[in-house]
Amino acid sequence: MSSHGKRYADDLQKVDREREYQPAEAIALVRSLANAKFDESIEVHVRTGLNVRHADEQLRGTIALPNGVGRDVKVAVFAQGAKVAEAEAAGADVVGAQDLAKRIQDGFDDFDVAIATPDLMGTVGKLGRILGPRGKMPNPKTGTVTFDVGKAVREAKAGKLEYRTDRGANVHISIGKKSFGEKQLLENYAAILDEIVRAKPSAAKGRYIRSITLTTTMGPGIHVDPTRTRDIVEDAQETATVTA
């Protein structure tokens with residue numbers, strides 16, 4: 001614990017490590033602990049009971065959060081011909097084909113999302129070992145392999161996020177920044193839980209959501225009640241009304 005510094009140790013004392021907080025309580029607490037000098041990200045980490053060694057138990061998809069994530073998303077597009085102008089008009093940060101692939105092979109990584117037209121997947125496929133581990137490989141299942149590059153770029157710029165289970169069957173995703181209001185963060189959190197529940201693989205067995213943790217970039221984790229996955233915003237509003 002000492003390796004984290006005094007501020008982290010002080011914040012840890014404010015968290016009941018044995019308790020599973022209600023979502024609204026957890027968000028209020030995590031915001032109060034975001035005391036770094038920069039606008040810290042707030043993330044949710046969901047541990048599932050999926051056996052990701054089985055292809056039919058892997059979880060992957062995209063979601064556009066109702067309040068965005070509070071950062072500028074940089075988009076790279078693999079396109080040629082008329083699709084170059086379409087991507088640029090939609091706000092793509094970098095557009096190319098073989099030349100863009102060469103830049104990435106040489107170390108270029110200044111983008112958050114990669115989109116490709118289907119005719120260039122032969123070129124993009126050779127970048128799998130680079131883009132795959134970084135979660136940036138275009139995939140038709142997430143809408144990032146498409147001829148409708150304008151729509152894909154606009155959605156990415158609006159904060160459309162890709163999520164997937166890692167090797168430990170965990171999902172990690174940002175719900176916003178500490179500068180967001182509690183209601184904005186709660187709405188984003190609820191949207192993520194709704195999506196994860198909706199996307200539950202049909203082959204999943206046993207307890208699906210094992211645990212949920214909220215944390216800031218620099219702060220300790222806060223355990224959230226994993227059974228609370230529905231009507232999160234509505235229940236919080238009712239509680240606020242009763243206690244007002």
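Which handedness does the crossing of H2 and H8 have? The crossing of H2 and H8 is right-handed; point 3 gives the rest of that contact.

1. Basis. This is a predicted model, in which local features need pLDDT of at least 70, side-chain atom pairs count only at pLDDT 80 or more, and totals for chains, interfaces and linings use all residues. Residues are numbered from 1 along each chain as its sequence is written, and side-chain values use heavy atoms, with hydrogens and water left out.

2. Main core. The largest nonpolar core holds 41 residues. Such a core is a set of buried Ala, Val, Leu, Ile, Met, Phe, Trp, Tyr and Cys residues joined through side-chain atoms within 4.5 Å. Buried means under 20% relative accessible area, exposed over 50%, and partly exposed in between (1.4 Å probe, protein chains only). Val44, Tyr189, Ile192 and Leu214 have the most contacts inside this core. At least two core residues come from each of helix H2 (23-32), strand S1 (41-48), strand S6 (160-164), strand S7 (170-177), helix H8 (182-198), strand S8 (209-216), strand S9 (222-224) and helix H9 (232-243). Helices (H or I, at least four residues) and strands (E, at least two) are DSSP runs, numbered from the N terminus. H8 gives the largest share of this core, 8 residues. Apart from this core lies another, of 16 residues, with Phe78, Val94, Ala97 and Phe111 among them. In soluble globular proteins, nonpolar side chains tend to be buried together.

3. H2 against H8. The two axes come within 10 Å and cross at roughly 125 degrees. Axes are lines fitted to C-alpha atoms, for helices over the stretch in contact, and angles run from 0 to 180 degrees between N-to-C directions. H2 and H8 are therefore oblique to each other. The classes are: under 35 degrees roughly parallel, over 145 roughly antiparallel, 65 to 115 roughly perpendicular, and the rest oblique. A crossing is right-handed if the near helix is turned clockwise from the far one by less than a right angle, and left-handed if anticlockwise. From H2, Pro23, Ala24, Ile27, Ala28 and Arg31 meet Glu182, Leu185, Leu186 and Tyr189 of H8. Contact means heavy atoms within 4.5 Å. By class, this contact has 7 nonpolar, no polar and 2 charged residues. Here Ala, Val, Leu, Ile, Met, Phe, Trp, Tyr, Cys and Pro count as nonpolar, Asp, Glu, Lys and Arg as charged, and the others, Gly among them, as polar.

4. H3 against H7. Helix H3 (residues 82-90) and helix H7 (residues 149-157) have axes that come within 8 Å and cross at roughly 25 degrees. H3 and H7 are therefore roughly parallel to each other. Their crossing is right-handed. Lys83, Glu86, Ala87 and Ala90 in H3 meet Val149, Gly150, Val153 and Arg154 in H7. The residues of this contact divide into 4 nonpolar, 1 polar and 3 charged.

5. Val44. What does Val44 touch, leaving aside its neighbours within four places in sequence? Val44 is in contact with Val171, His172, Ile173, Ile175, Tyr189, Ile192, Ile212, Thr213 and Leu214.

6. Positive phi. Two residues deserve a look. Ala169 is not a glycine, yet has a positive phi of about 70 degrees. Ala169 sits in the loop between S6 and S7 and is buried, with a relative accessible area of 4%. Asp231, also a residue other than glycine, has a positive phi near 50 degrees. Asp231 lies in the loop between S9 and H9 and counts as partly exposed at 48% relative accessibility. Most residues other than glycine have a negative phi.

7. Two residues of H7. Ala152 lies in helix H7 and counts as buried at 8% relative accessibility. Ala152 touches Ile115, Gly143 and Thr146, not counting residues up to four places away in sequence.

8. Thr123 and Arg53. Thr123 has its place in helix H5 (residues 121-124). At 17% relative accessibility, Thr123 counts as buried. Arg53 is in the loop between S1 and strand S2 (60-64). Arg53 is exposed, with a relative accessible area of 74%.
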